[in-house]
Amino acid sequence: MAIATLSVRGADRARLERRARTLAHGGNAWHVVEFAIALGAGISAGSIALIGFGADSLVEVMAGGVVVWLFTNGRGSSPQAERRAQQLVAASFCLLAAYVSVESIRDLAAGHRPGASWLGVGLAAVTAPTMPLLARAKRRVGHALGSSATVSEARQNELCAYLSVALLIGLVLNAVWGLWWADPGAALVIAGVALNEARDAWRGQSCDCC
């Protein structure tokens, strides 16, 4: 469903744009930490799911930067800037989906067996319940501003929560029962969801749920 453009002007719009930038900066600070932990743990364990999760964190930083760009120097009221922001968010989803898909299929074909990563399990367990809260706050601001790009960027955070659950399942199955294929399998789930989000972001669509 496309976001309806609301008439928000003056001080109210300036306040909402400041909040959008603050939420984007705050989310990006966490995602940088998340990226470092996931990448380090993923390389150590040879886990494509963890590395893919880290890549998603980096993509979310890029998407958050798009929102900061959109609401700086008065660009937020420009339909052209809004559309460009939508396309940049969609492109970030596509990059994630392409990378994770290739690496996951390669690991499945080669029978690569990742090691257990309890650090990764802990990271996923923390991220899963916290990202929906950030997404809800961003989505509320996006709807108030009539910005599909902002709501699509909030979907990045929702996606992060879904990916955390998939990652948690894959890592636990591998660590406890030795089901090595669960790791690249979880990564393919990540890629599939990201590709769907790319399509919706490009079209300027977003979910009004939650």
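To start with, are R13 and E17 buried or exposed?

Author: Both R13 and E17 are buried, and buried here means under 20% relative accessible area (over 50% is exposed, anything in between is partly exposed, with a 1.4 Å probe and protein chains only). Before going on, a word on what you're looking at. This is a predicted model, where local features need pLDDT of at least 70 and side-chain atom pairs count only at pLDDT 80 or more, while totals for chains, interfaces and linings use all residues. Residues are numbered from 1 along each chain as its sequence is written, and side-chain values use heavy atoms, with hydrogens and water left out.

Back to your pair. R13 and E17 form a salt bridge, with 2.9 Å between their closest N and O atoms; the term needs a side-chain nitrogen of Lys or Arg within 4 Å of a carboxyl oxygen of Asp or Glu. Both residues sit in helix α1 (residues 10–45), four residues apart, or about one turn of the helix. Helices, by the way, are DSSP runs of H or I with at least four residues, strands are runs of E with at least two, and numbering starts at the N terminus.

K138 pairs with E153, and here the closest N and O atoms are 2.9 Å apart. K138 belongs to helix α4 (residues 118–145) and E153 to helix α5 (residues 148–177), so this bridge ties together parts that are 15 residues apart in sequence. K138 and E153 are both buried too.

Next comes R139, whose side chain meets that of E158 in a salt bridge at 2.1 Å, N to O. That pair links distant parts of the chain, with R139 in helix α4 and E158 in helix α5, 19 residues apart. Why does R139 count as buried? Because its relative accessible area is 5%. E158 also counts as buried, because its relative accessibility is 7%.
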